[in-house]
Amino acid sequence: MAEYTLKLRRYNPESGEAPFWEEFQIELEPHRSVLEGILKVKAEIDGSVGIRCSCRAAICGSCGVRINGRAGLACHTHLGHAADSGVHADGRTITVEPMGNMPILKDLIVDMDAVHWKKIQRVTPWLINKEPVPEREYIVPHENMVDVTQTMACIQCGACVSDCLSMEVDPLFVGPAASARAYRFVGDPRDAEQYERVKDLAEDRHGIYDCTHCFNCIEACPKGVAPMSQIMRLRRVAGADHGIVDRNNGHRHEQAFVTLVKEGGLLHEAELLPRSYGGDSWFGKFHPAAGQELLSSLPVITTALLRGKVTPKGVLAPHKLPKDALAAVQAITEKVERRRPRNELNLYITGYDDSPGAGDGDVHPLAADGDAMTSAPGPNPHRPTSASESESA
Amino acid sequence: MPAHDVLIIGAGLAGQRAALAAADAGASVAILSKVHPVRSHSVAAAGGINAALNPGDSWESHAYDTVKGSDYLGDQDAIEIMCREAPDEILHLEHIGVTFHRSDTGHLGTRAFGGASAARTYYVADITGQAILHVLYEQLMKHHETVDRYEEWFTTTLLQDDDGHCIGAVARNIRDGRLEVFDAKSVILASGGAGQVFKPTTNALICTGDGIAQAYRIGAPLMDMEMIQYHPTTLAENGFLITEGARGEGAHLYNALGERFMEKYAPNKLELASRDVVSRAEQTEINEGRGFPDGTIALDITRVPRKRTLEALREIVNIGRDFAGVDITREPIHIRPGMHYIMGGVRTDVDGQTPIPGLYAAGEVACVSVHGGNRLGANSLLDTLIFGRRSGEHAAHRARGVAMPKTSSRRLADVAAEIDEIIRRENTGGRRISEIKDELGETMNRYVAVYRDAEGLARAHEIVRRLKAEAPTAAIDDKGTVFNQDVLGAIELGYMLDVAEAIVVAAQERKESRGAQFRTDFPERNDAEWLHHITISRNGDGVPEKGTAPVRFTQWEPQERTY
C-alpha cells in the first residue's frame with residue numbers, strides 16, 4: 001500500500017463557480033490504476049466526483065482524462081508511475097483534469113459529441129461498398145485486413161484529440177482520430193471510394209495537410225493506433241498513389257523537403273517555401289503562384305530575418321555537407337525509395353518476427369516497441385517516439 | 001415527447017442490430033443507452049463469432065455442439081434458428097464493413113474455440129466485439145435519419161398500459177437530469193448482463209442487470225438465472241478476461257506441479273472443452289492444493305508462435321503487460337475462473353417476445369434459451385446479432401397494427417418524485433452504496449460460484465435480503481442534475497439486488513448439477529427430475545416466485561456429456 005494525493009480538477013456547471021482543484025488522499029498499491037484511485041474517492045469520500053468509466057481494462061475508451069497534463073486513459077495509468085512523473089514527481093501527487101480541445105461538462109467529463117464525434121462524422125465513417133457486392137465474402141488479402149485492424153483498434157477515447165496541437169490552433173482541423181478512421185476505409189480494399197476519400201481530405205484546408213507532425217497523438221494513444229502515422233499514410237495514398245496535388249500545397253511541400261534533402265543532404269529553408277508553392281525545382285520560385293504566396297508570407301519572412309532564423313547569406317549559400325556524408329544521405333534515400341512494398345509502419349504487420357534481427361534488416365524500429373502503453377507505462381514502459389521520428393517528412 | 005414505433009434500450013450489439021433491422025423494416029426507431037453506444041460491454045468480446053460457413057461444416061454440427069455445451073438445457077428450436085441463420089449474419093457483417101481476418105486464400109479465416117467440433121469462429125484479431133460494435137455504429141451514423149439516438153440516457157422505468165402492454169419507458173438524460181417519457185408501440189430491452197452482481201467479474205461497471213430487473217419488476221418472468229458462467233481464464237487480481245482465443249490458438253493450462261491437468265478431465269478436447277468443464281477442472285486443482293499459492297493456474301501462451309500472438313492476440317498481450325506485468329509471449333500468465341456471463345435473463349421466444357405484450361428482449365439480458373446451462377465461447381456475439389435482428393424485425397412488423405400509445409404526464413411526475421427522494425437522502429450513518437455493492441459482489445462470488453451447496457446458498461440469500469433492506473437508506477453525496485452518477489448508482493444497486501436474489505433463489509431450487517450449476521450436495525445431473533428450465537417471477541417484496549418451463553427438443557436426446 002502507498003499513499004497518494006489525487007489532485008482533481010473539479011467543475012460543477014450548476015454552481016456558477018469557476019473550476020477549482022480539490023485534493024483527495026487515498027491508499028492503494030502502486031500498480032493500481034488512477035481510475036481505481038478515483039473510484040475509491042467516489043466510493044469512500046465524495047460520490048459527486050464525475051468521470052466516465054466502464055470496462056476498467058482500456059477497451060471501452062470511456063475514461064480519457066489528462067494525467068499530469070498529458071492525455072490518456074485513467075484505467076491504463078498506474079498510480080505509482082503517475083506519482084513519479086509529471087510536474088510534482090514527488091512519488092505522491094497526481095493531477096487529473098479533463099481532456100483538452102473539448103468543452104467540459106462536469107469535473108472530468110468532456111463533451112465528446114461537440115468535437116470528437118463531429119469530426120468522425122466528417123470523414124464519411126462507413127464502408128462504401130465496391131460493386132457488385134459478392135454473394136459471399138469479398139476475397140481480399142489477409143494482410144490488408146490485418147493492416148486496417150490497427151485503425152479498427154481505435155477505441156474513440158479522444159486522447160489524441162485532447163492533445164492535438166494543430167487542433168488547438170485550428171479547431172476545424174479534422175484531427176488525429178478522424179484521420180485514423182478515414183484510413184480504416186482508405187486501406188480497406190472493399191471500399192469503392194479510396195480516391196474520393198483522400199482527395200477530399202487533401203483538398204480540405206483543415207484536412208490531412210494541417211497536421212504538423214508533433215507526435216502528441218502517437219504519445220497519447222493508449223492503443224497503438226498511431227494516428228499521425230495514419231495521416232502520413234493518407235498523404236502517401238493521396239500524393240504517391242493518386243498523384244493528387246492539393247490546393248493547400250501540402251503534397252508539394254512534402255516533396256520539396258524530400259528533394260532538397262536528397263539533393264543537398266540538408267534542408268535549405270529558403271528554397272522550401274518557393275518550391276512548395278511554385279513547384280518542386282529550382283525554377284519553382286518563378287512560378288506566379290509562388291510569388292503570390294511569398295508576398296503574403298512576407299510578414300513571416302521579415303520576422304524570420306529580424307530574428308536571425310534566416311540570414312541573407314544562408315538564403316544564397318546553403319549549408320553544405322561533406323561529400324561522403326552527402327553520399328550516405330543519398331544512399332539512405334535510395335534505399336527507402338527502392339523498397340517495395342513501401343514500409344507502411346503498421347504495428348500489426350511490420351517487423352515482428354520470432355528472432356530479432358531476422359529478415360532483410362528493414363525492420364522498422366517502431367516494431368520493437370509496439371503499441372506500448374505510452375500514457376501510462378506499466379512494468380515495461382516503452383516510448384515509441386524515438387522510433388517514430390523517421391515518419392517526419 | 002418522443003414517440004417511436006420501436007424503442008430500443010441498450011446500444012450494444014443486440015440493440016444496434018435491432019435498431020438497424022427495425023429501421024430497415026420501415027419502423028421509426030429510437031435507440032437509447034446509458035453510455036455512448038461504443039462504450040457498451042459488447043466491445044469487450046474478444047475471441048470471435050461462431051458460424052458454420054466453411055464448406056466442410058454444417059449448421060447441424062454447430063447446433064449439436066451448442067446443445068451439448070448447454071448440457072441439454074438449451075431450447076433446441078431456438079438453437080437451430082441461431083445456427084442456421086449464423087452464416088448469413090456473418091456475411092452481412094462482412095458486407096457492411098467488419099474487417100474479419102482472412103485465410104491465406106483471402107477467404108474469411110477461422111480459429112478453434114471451446115466445445116466446438118470444427119474451427120468455426122470468425123474473428124478480428126482479438127477485438128472481434130469491438131470491431132463489430134464500431135462497424136454497427138458506423139451504420140447507425142449512416143442511417144441517422146431513420147434511427148434516433150439517445151446517448152447517455154438512463155432508463156428508470158418501463159411503462160405499461162392498463163392491459164399490461166409495454167408502451168414505452170421513462171428515462172433520465174444523464175447530461176442535464178431531465179426526465180422524459182418515451183412512447184413506443186414496442187420496447188426492445190437490449191441492455192446486457194449483470195456481471196457487477198459479482199466481484200470480481202470480467203464485466204464492465206455498467207453491467208448492472210438494469211434490463212433484467214426492469215422487466216422483472218413489471219412482471220416478466222426470468223429464466224435459467226442460476227446459470228452463471230465462470231470463464232476459465234481471468235486475471236486473479238482484477239478479474240480481467242484473457243480470451244478463450246488464446247487456447248483456441250494453442251495455449252495450454254498447467255497446475256503448479258507442471259501437469260497439463262485437462263488430460264484428466266477432458267481427454268479429447270483438453271483445454272478446448274466447454275467453459276464450465278474447464279473452470280470446474282481448474283477450481284478442483286486449486287481446491288485440492290495443486291494450484292499456485294495465489295490460488296491460480298498457469299496459462300501458457302508461449303507455445304503459440306510469437307508473430308501469431310502479436311497479430312491475433314494483441315489485446316491480451318497488452319492486458320498481460322499493463323495489468324499483470326507479464327509478457328505472455330515469453331512466460332505463462334496466472335489465471336483462475338472468474339464470473340463472466342449470465343446464461344439466464346428475461347424469458348423470450350425465438351422472436352424476442354417476452355410474455356409481456358410489446359416487450360422484447362435480446363442479447364445477454366434475454367434468455368431464449370440458446371445457451372441453457374452453459375454458453376459456448378463465441379456464441380454470445382451470435383446470440384446478440386441473430387436475436388437482436390429478429391426482435392427488431394418482429395417489433396417493426398408488430399408496430400404496423402398498433403396505434404401509438406400515450407402515457408400521462410402524471411406517470412412522469414411519479415418517477416421524478418421517486419428520483420428526487422433518492423437524491424434528497426442525507427447521510428444518516430447508514431452504509432455507503434459502494435459498501436453494499438462490494439458486500440453483494442463478494443458474497444455472490446463466494447457462495448454462488450463454480451461450486452455451490454445448500455448451506456452457502458442459504459447464507460447468500462440471507463445476506464442479499466439484508467442488503468436489500470439496507471440499500472434504500474444509503475446516502476447520496478451528489479445533489480446536482482448534471483451527470484449525477486451517484487443517484488444512478490443507487491438505482492443500479494437496486495437492479496443488482498433484484499437480479500442477485502433471482503440468481504440465488506434459482507440456484508437453491510435446482511437440486512442437481514448441470515452446466516454451470518454444480519451443487520456439491522447434488523453432484524449428478526438428474527434428467528428425470530430437473531431437465532426443465534426454472535423461472536423466477538416477482539412476488540411483491542417477498543421472496544421471488546419459482547416456476548418451471550419445459551425444454552424444447554427437436555432432434556437431440558440428452559446424452560452423457562464428455563469432452
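Buried area is the accessible area, taken with a 1.4 Å probe, that two parts lose on being put together, summed over both. In this predicted model, chain A and chain B bury about 6200 Å² between them, and 51% of that area lies on carbon and sulfur atoms. Chain A supplies 80 residues to the contact and chain B supplies 71 residues.

There are 46 residue pairs in polar contact between chain A and chain B, counting pairs with both residues at pLDDT 80 or more. Elements giving two or more residues to the side of chain A that touches chain B include helix 1 (34-44), strand 6 (104-106) and helix 3 (113-122) of chain A. Helix 4 of chain A gives the most to this side, with 6 residues. By class, the side of chain A that touches chain B holds 42 nonpolar, 16 polar and 22 charged residues.

The rule finds 8 salt bridges across the interface of chain A and chain B. One of them joins the side chains of R175(B) and D113(A), at 3.1 Å from N to O.

Within chain B, all 8 of the 8 residues of strand 8 (residues 166-173) are buried, so this strand is largely enclosed by the rest of the structure.

| Strands of chain B | Bridges and direction |
|---|---|
| strand 7 (residues 153-160) and strand 8 | 7 bridges, antiparallel |
| strand 8 and strand 9 (residues 179-189) | 5 bridges, antiparallel |

Q160(B) stands opposite C166(B) in strand 8 of chain B, and A169(B) stands opposite F182(B) in strand 9 of chain B. The hairpin of strand 7 and strand 8 of chain B has 5 residues between the strands, and G164(B) there takes a positive phi near 90°. Strand 8 and strand 9 of chain B also form a hairpin with 5 residues between them, where G177(B) in the turn has a positive phi of about 80°.

Methods:
Residues are numbered from 1 along each chain as its sequence is written. Chains are lettered from A and ligands numbered from 1 in the order in which they are written. This is a predicted model: local features need pLDDT of at least 70, side-chain atom pairs count only at pLDDT 80 or more; totals for chains, interfaces and linings use all residues. Side-chain values use heavy atoms; hydrogens and water are left out. Buried means under 20% relative accessible area, exposed over 50%, partly exposed in between (1.4 Å probe, protein chains only). Helices (H or I, at least four residues) and strands (E, at least two) are DSSP runs, numbered from the N terminus. Two strands pair if DSSP finds at least two bridges between them. Contact means heavy atoms within 4.5 Å. A salt bridge is a side-chain nitrogen of Lys or Arg within 4 Å of a carboxyl oxygen of Asp or Glu. A polar contact is a pair of N or O atoms within 3.5 Å; within protein, one must be able to donate a hydrogen and the other to accept it, and residues adjacent in sequence count only if both atoms are side-chain atoms. Ala, Val, Leu, Ile, Met, Phe, Trp, Tyr, Cys and Pro count as nonpolar, Asp, Glu, Lys and Arg as charged, and the others, Gly among them, as polar.
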